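Work through the following exercises with the sequence and the structure in view. Each task is followed by a solution in steps.

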Amino acid sequence: MNVAAESAAAGASLVQSIDWLAIAPPTITAVVALVVLVADLFVPEHRKPLLGAIAIAGLVAGLLTLLPLRAGDRSTFCLTADADVCSYTADHFALVIQLLVLGGALLTALISLHDSRKLPVGEYWFLLLASAAGAALLPASRDLATLVVALEVASLPVFALVGLRRGDRLSSEAALKFFLSSVTATAVMLLGVSFVYAATGTLHLTRIAAELGHVPGQLDTLAKAGVALTLVGFAFKTAAAPFHFWVPDTYVGAPLPIAGYLSVVGKAVGFSGLILVTVIAFPSYREVWGPVLAVIAALTMTLGNVAALRQSATRAWSAVRLLAWSSVAQAGYLLVPIAAAAYAGGDRIGSTVAYALMYAVVNLGAFAVVVLVARTKPLNRLADYQGLYARQPLVALAMGFFLLCLAGLPPGIIGLFAKVTVFSTAVDAGLGWLAVIMAANVVIALYYYLQWTSVLFRAPEPAEAGSPAPEAVTGAAEAGDVAVTIALTAAAAVALSGVPQLVLRFAGTGLF
C-alpha cells in the first residue's frame, strides 16, 4: 500500500527543497504576528498604535507576494518518490482564497484601529495575524494533516479574540459557546480523518482519491464513515445547519470587527477546506456527500432567512443578529455549487468561489458601517439606522448598496449575477428541488434586506432631528479608519458589478 511506499521514501528524505516564494503569503503573515507579539513587550503604552501599523504592513506584504505567484504553477513539500504528490500547492484556487482571506484580514485590521485600543493591543494584533496565517495556509494544503493544522491555526486565535473584552459577560459567553462547539466538531473531524487514513493508508488528497476508488469491501463502511465525519468539521466552520447554532451569540459577543472577520474569513476557511476534500479527495464517494450537502444547503438557507426575518427593529444588537443570520443563509447559497459538483463535475465549484468573493466584499462593508454606527449607538438596533442618510448620506448610500448586493438586486449587479450563477448550477445538475427552495429563500431575504435599506432613508426620529451634531463630530473625529474601509469595499463592489462576467468566467474555468 501507499504507507509502505511512503515509508521507504522517507528513509532517504521526506521532502524536496522548500519553495519559499510559494509559501510566502502565510509565512510572512505568521512572522509579522511573532514580531508584533515580541514588540508588545518593549513598546511603551503610548506607542501601542504602532503595532496596528505593523500588522497592516504585514498583511499588505503578504498580499503583494501573491503577484509573482499568479501563474498558479508552484508546489512544495513534495514526496521524493513522487514529485506530483505535494502537501502545499499554490494553484489558482489557493491564490484566490488567499487573496480573499488576507484582504479580509486587512479590512478587519483597518476597522479595528480605533476599537482595538479598548482591548489588549498586542494580543489583539498577534491573534488576528496568527488566524490570518492559518487561513492563508489552508487553501494551499493538499494533505489532511496540513488541512487540520491550518484549520486549527485559523480557529484557535479567534476563540481568544471573541472573548478578549475582559469583564464582558456577553463576550465570555460567546467565546465559551464558540470554543466548546468548535472543539467538538474538530474531534469528530479528526476521527473521520483517522478512518480515511485507515481505509486508504495515505493522507495526501490526490492519493486518497485514487485509493478510495478501490477500497476493499470490508473497509468500505469505514471509509464512508470517515468521509462523512471529516466533512462535519468543515461544515461547522461554514456555519451550515445544524452546526450554525453558535453564530448569533458569537457575533453579538465578539468585538464587531471580529464578527465581520468571522463572517468572511471564517467562512472562506470552511468552504475552501470543504471544496478540497470533496472535489479532490472524495470524488469517488460523491454519492455519500452530494445528497447530504444538498439537503444541508436547503436547510441552512431556510433557517438563516427565517431567523433573520424575525429580528425585531427595537431589540438590542438586532442589526448584528440580522447580519449573523444573513451569513447563515448565505452559507446555504454557497453550498449549492459544491452539492451540484457531485452530480455535474468539479467545474461547478467556481460559482462558490465567485459568490464568496462578492459576499466577502459587501459583507465586510456592511460590518464596517455597523462598527461606525455602534460608536454612537452601542445597542446597534435596526431602529438606530433610521435617518442615517440625513446624518451621513455617503455612509447610508454605501450601506444601501451593500444590502442590495446581498439581496441580489440592481444596482448590486455582482450580487444578482452571483445568485443567478449559483441557481443555474443547481438546475444544470438536475437539482430542481434545490433551485426552487433557493428561489423561495431569495424572495424571503428580499423583505428584510429592503426593509433595512428603507430605514436608512426615512426621516430621523423627532428627538434627534434637531441635534445631529454630536454624531457628526464623533464621526469626523473617530471614523477615519472605518471610512477608509467603507470606501474600499464600496469601490470594490462597484468594480465587481461593472465586470461580473469576467469574475464568474475566471472562477468557472481557471480554478481547477
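The structure holds 1 disulfide. The model is a predicted one.

**Exercise 1.** Determine which cysteines form the disulfide, and state its handedness.

*Solution.*
Step 1. The sulfur atoms of Cys 78 and Cys 86 lie 1.9 Å apart. A disulfide requires sulfur atoms within 2.5 Å, so Cys 78 and Cys 86 form one.
Step 2. The torsion about the S-S bond of Cys 78 and Cys 86 is about 90 degrees, and the disulfide is therefore right-handed.

**Exercise 2.** Decide whether Cys 78, Cys 86 and Cys 405 are buried or exposed.

*Solution.*
Step 1. Cys 78 and Cys 86 are both buried.
Step 2. Cys 405 has a relative accessible area of 0%. Buried means under 20%, so Cys 405 is buried.

**Exercise 3.** Describe how helix α12 and helix α18 are arranged and which kinds of residue make up their contact.

*Solution.*
Step 1. Two packed helices are described by the angle between their axes and the distance between the axes.
Step 2. The axes of α12 (residues 286-309) and α18 (residues 432-456) come within 9 Å and cross at roughly 15 degrees. Angles under 35 degrees count as roughly parallel, so α12 is roughly parallel to α18.
Step 3. The crossing of α12 and α18 is left-handed.
Step 4. On the α12 side, the contact residues include Ala 294, Met 301, Asn 305 and Leu 309. Among those on the α18 side are Trp 433, Ile 437, Asn 441 and Tyr 448.
Step 5. The residues in the contact of α12 with α18 comprise 15 nonpolar, 3 polar and no charged.

Definitions and conventions
Residues numbered from 1 in each chain as written. Predicted model: local features only at pLDDT ≥ 70, side-chain atom pairs only at ≥ 80, totals over all residues. Heavy atoms only, no water. Buried < 20%, exposed > 50% of the residue type's maximum accessible area, 1.4 Å probe, protein only. Axes fitted to C-alpha atoms, helices over the stretch in contact; angles between N-to-C directions. Helix = DSSP H or I, 4+ residues; strand = E, 2+ residues; numbered from the N terminus. Parallel < 35°, antiparallel > 145°, perpendicular 65-115°, else oblique. Left-handed = near helix turned anticlockwise from the far one by under 90°. Contact = heavy atoms within 4.5 Å. Nonpolar A, V, L, I, M, F, W, Y, C, P; charged D, E, K, R; others polar.
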